[in-house]
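Here are a few friendly notes to read alongside the model. Please keep the structure open as you go.

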Amino acid sequence: MRFLRKYPLVMFLTRRVGIAALLLLGVTIVTFTLTNLVPSDPVNQALGDKASGDPAIVAQYRADHGLDQPIVVQYVTYLQNLVQGDLGVSLQTSQPIAQELGDVLPATMELAGVAIIFSLILGVGLGTLAAYRRGKFTDQVLRVVSLFGLSVPTFWLALLAYYFLFYQWGILPGSGRLDPTLMPPPRVTGLYLVDSLLAGDIETFGNALSHLILPAAVLTLYTVGLLVRFARSAVLEVLNQDYVRAARAKGLRSTSVVIRYVLRGAMVPIITVVGLAFGGLLSGTVLVESVFAWNGLGQYAFNAASNLNLPAIMGVGLVVGVIYITINLIVDVAYGFIDPRVRVTS
Amino acid sequence: MKRSLIPIAAAAALALVLSGCAGGSNGGANASKQLVIDTSFDLTTLDPSRMYEPTGMLILRGVYETPLRFSGSNADSIEPYLTDYEMNADNTVLTLTLRDGVAFGDGTPMTTDDIVFSYNRLIGIKGNPSVALDGITVAKVSDTQVTLTSETPKPQMPVILTNPSMGIVSAAEVEKNGGSLTPDDKAESYLNTNSVGSGPYTIEKSDLKSQVSLVRNEKYWGEAPAYDRIVFRNVQAPTQLINVKAGTANIVTDLSFDQTKDLPKNVTLTTEPSNQMLYVLLNQDPAISTITSNPKFLEAVRYGIDYDAILRLAGPDAVRVAGLIAPTIPGALPADEAVKTDVAKAKAALQESGYNGEAVKFSVANDKSVRGISLLTVSEAIQAQMKELGINFQLDPSPITTALDPYRDGKQTSALWYVQPDYPHNFEYFSYFPGNQMAKRAGWPKGSDAQLEALETQITNEPSEDKRNELFQEAQRRFNEVGPFVGLLHPATNIVHSSSVDLTILPTGDFDITALVKK
């Protein structure tokens, strides 16, 4: 305890990890309860028409997947396995859920990661520009662009982008993460961009990058719309602060004022929104994934829900919970680095 | 390098990389002797003895070969493939004679032990397709012959043996990788990524969720297939349409009739009526509903439906249901014997039924489309038609995950459903006879119709196929009078493909990737 008191950041992180564990336990209880409340038998979803009418096959299937046990026993068994990193077995494919999530998560991480990087650069840049040009033509245009990004349905935009940029104009490639002629790079991280670079395979890298542009751009447009609005209002709040005026009065270059004073002051609310947006991208890209045949977490979650694949639904719930908790933790720690006033002290 | 030049150089390098791959982006499907098939995956396994889904059938036809196979679109187009076959007079013993020279992908010759092992494993592991060989004993007779023996007549055995789940695996390879003849079998993981069959293709790489690629089996014992590599991608219908038009997919399988309108010249539509049937179910169990179990109410619904209007919702290539048996299967009723709309007769029956406008729950899986036809749309059309007649159908829409249980438990009052026989053979339709699986779902137990039950026994024991077909037709005429199933339509199977590919739709609704012809 003395060690923890001496290092308040470690104490803060330890406490947050403990809370995170409790939150995840809560996530498992809620997900397990909700999935079992669905008035449907998962065996009916998994077995064919005839097989579901054969008592021997049904009994074998229930026994194989532990569905013949009372609900409480099923939950306790799930927790026991979870502690050992075992998320159970898919009711559809009989493959380990951890392995399946490990296959789909990198696809979404890669897509959402690129989208959030572009969103951050564009959103903060354009939001700052809009704030500096408040009330002028540039500001009006950017506010319309922001509104467009927020209000256009993502799946519709995805279809339009796919139709024109791929089919009509042939500027960018179509479905999937790679051309069908190419094999995925040897798996290290599951991120094709990283793995192809690690393998020194420039052709695959370029192909993966070109496949990434269109879906990432569609996702970026929505997040940019969100960020422009937040960045604009955050920068506007900071612009009239005394320390910004003082920096200007000292004769600092305007770029230096923007980066070192204005953006640093405005960054706390921006980072909060970026964190939430990234979490949203990681867990909510199902429609964009569907249009671009990008088999990531969103598609996996949709299929799991459609087929009442209980272990898969639980696995997705847990992963999404971990994503949000981790992002929140990173955002909270980042606050301390950006704003000394919220830094933890002993 | 000056700092200001770094971003320019980086941008130039990126442009170079992207331009380098731009050619590849459209070259996927056009690469020499490579074929790309876009389909909406329902893939759960690549183990043939566990596989029972359309995507699995499509893929595994290239990897595992079956004793018999279809050569055309009709269910009577069965031909010997790995084996010759002979059925005994009373349809209880099917003898298979293995042809010479068949070998697995590793060059090992196929033996009758492999056939016996494959089928005993399929039965023993109790996977989805094991019901197909229910009550069948498989035995080796000699180094060239195997028998499949059933206690009851099963003339459908040859048809069953065309299904890719009946593909023959190398017993030695499966056993080496955890395979057994019991539910403890552990070979599935291995078979999801490796091929142990004799087909013209082997699995190159597989991801059950996104993509499976097959490459030519260099040691294939038969004639080389038209394509060296086939890639199956998990793509949804709207994107499939764009891909096939753009030429990045050669074949797409899930387009609705609406999506197949105005196709460009480089793309061809091949279509056949499918075995799937959309039908209205009216529960005959008075404990579930005294209204729908009233024969006169059933008659009113049967004659009150405007079948032509419903058919228009399904596009020009869908066909009316004449009897229960699909038109591609022997024993089907001729189209002109379909029930005809007769509003006056329906109204008279309704009056006779004593129905007073009470609400009747009409269930539908509102998230389900069958070959592009939305069940919800069809159910709304039926509701509107029934309203004009004076029947108050109250729609009870729910996702298929929750609609399936009450349907299979026989608890739905009335509903719109779809069904497809597991195998394209008329014996699959016994399920509709009183007391059998489908009939139970409609609250129609044994003893509900003596005439149909007598016909069921007669057909089962009838050795002559022609006579059986006649009896099936007689049964369907009876179903059209008293059965709790009101058949609406058979949707069309639409396969859209590059004009450079020629294919035949099989009676199972898919096509044989090993029989594709490159034009």
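Which residue in S10(B) is the bridge partner of Thr39(B)?

1. The partner is Asn234(B). A word on the source: this is a predicted model, in which local features need pLDDT of at least 70, side-chain atom pairs count only at pLDDT 80 or more, and totals for chains, interfaces and linings use all residues. Residues are numbered from 1 along each chain as its sequence is written, while chains are lettered from A and ligands numbered from 1 in the order in which they are written.

2. S10(B) runs parallel to S1(B), joined by six bridges. On S10(B) there is also an antiparallel pairing with strand S9 (residues 211–216) of chain B, through five bridges; here Leu214(B) has Ile230(B) as its bridge partner. (Strands pair if DSSP finds at least two bridges between them; strands are E runs of at least two residues and helices H or I runs of at least four, numbered from the N terminus.)

3. Five of the six residues of S10(B) are buried, so this strand is largely enclosed by the rest of the structure. Buried means that 20 or more other C-beta atoms, placed from the backbone, lie within 10 Å of the residue's own.

4. Now the contact between the chains: chain B contributes 47 residues and chain A 49 residues. Residues are in contact if their C-beta atoms, placed from the backbone, lie within 7 Å. On the chain B side, H1(B) gives the most, with nine residues.

Key:
Two residues are in contact if their C-beta atoms, placed from the backbone, lie within 7 Å. A residue is buried if 20 or more other C-beta atoms lie within 10 Å of its own, exposed if 12 or fewer, and partly exposed in between; C-beta atoms are placed from the backbone.
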